[in-house]
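Dear colleague,

Please find the structure below, together with a short account of what was found in it.

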Amino acid sequence: MTTDQPQTIDGEPRDTEPAPPPPPLMAPPPPPAPSAPKDRRVLRAVLRWTAAVVVFAALGTASAYGITRMERTDVPGLATESDGRWAYPELTKPPLPSGSPEPFADTNKAGTHYADLRALLLPAPEGGTEDKALRGSDGWLATKDFLAEYETEERDEFRQELTDNGLRHIAARGWTTPDGTHTRVYLLHFDTAAVADELYTDLAAADSPGHMLDGSEVLAFDDQYPEVARADHVERSVYVENKPYGAEQVRQAYLSAGDVLGVIIQSRKGAAEAVPFQQTVTLQSQLLG
């Protein structure tokens with residue numbers, strides 16, 4: 001017998017339709033990925049051997065402009081911790097006087113470095129003992145002290161060349177590192193880039209320098225120097241004292257950068273290593289470029 005009444009269990013109505021299945025269990029959301037650590041001091045310490053800062057915006061005397069970083073792999077031999085490179089402090093170019101152009105701006109036809117030349121000198125690396133004698137008077141070195149780098153019979157002729165080309169002043173810095181490498185950097189300032197470049201052409205001959213350094217044998221053009229280590233707007237000629245040499249080996253570079261002629265000399269008992277020399281030349285070129 002049929003009935004329209006719902007079926008019951010123990011007096012309670014019972015649905016004839018089956019109950020819907022329970023919703024499937026949902027997996028908990030994955031934990032958020034850890035954020036990158038904010039403290040980059042370790043990375044900065046690894047890269048501080050060559051001084052990386054932002055591209056400059058010249059906004060007057062309160063604005064400094066920076067150097068483009070040279071990565072370790074930009075110079076062959078600078079890829080590992082044990083290759084002998086030096087740790088330099090962070091390098092920043094000094095501010096330009098208000099309204100003054102960069103040395104290689106289109107509006108600066110004379111290639112003038114308006115920044116203080118003494119502030120464009122490469123600082124000593126960590127552990128280097130500065131040669132206070134090269135500070136000169138108020139940071140300017142006497143011409144005779146620069147010429148003392150050259151053989152005695154070369155000095156009078158070289159002095160006359162500098163005089164004839166209107167040498168204004170010389171900024172210099174030197175240091176000795178714990179391994180005994182003695183570095184000297186000289187920046188000679190002239191009136192125009194044309195004058196400095198002409199003198200550079202006379203001094204930086206293709207096979208050997210125009211004047212011999214005191215106490216060294218003949219230096220030859222260093223054809224092992226990496227081309228990738230060049231800096232924009234800076235001409236460079238590098239030389240090395242080949243065997244047989246005396247108690248020390250000498251390396252030398254001439255730089256032409258606008259109205260500045262740079263001279264870099266490194267010497268070391270036994271052998272002057274290539275990597276610190278390349279590093280020094282490249283970083284000084286970046287400061288001038």
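Which residue in the turn between β10 and β11 has a positive phi? Gly258 does, with a phi of about 60°, and the hairpin formed by β10 and β11 has 2 residues between the strands.

This is a predicted model, in which local features need pLDDT of at least 70 and side-chain atom pairs pLDDT 80 or more, while totals for chains, interfaces and linings use all residues. Residues are numbered from 1 along each chain as its sequence is written, and side-chain values use heavy atoms, with hydrogens and water left out.

Strands here are DSSP runs (E, at least two residues), and helices are runs of H or I with at least four, numbered from the N terminus. Two strands pair if DSSP finds at least two bridges between them.

Strand β10 (residues 248-257) has antiparallel pairing with β11 (residues 260-269) over 10 bridges; Tyr254 has Val263 in β11 as its bridge partner. Strand β9 (residues 235-241) is also antiparallel to β10, over 6 bridges, and Val238 has Ala253 in β10 as its bridge partner. A hairpin of 6 residues connects β9 to β10. In β10, 9 of the 10 residues are buried (under 20% relative accessible area, 1.4 Å probe, protein chains only; exposed is over 50%, partly exposed in between).

Asp202 lies in helix α4, which spans residues 193-203. Asp202 counts as partly exposed because its relative accessibility is 49%.

Yours sincerely
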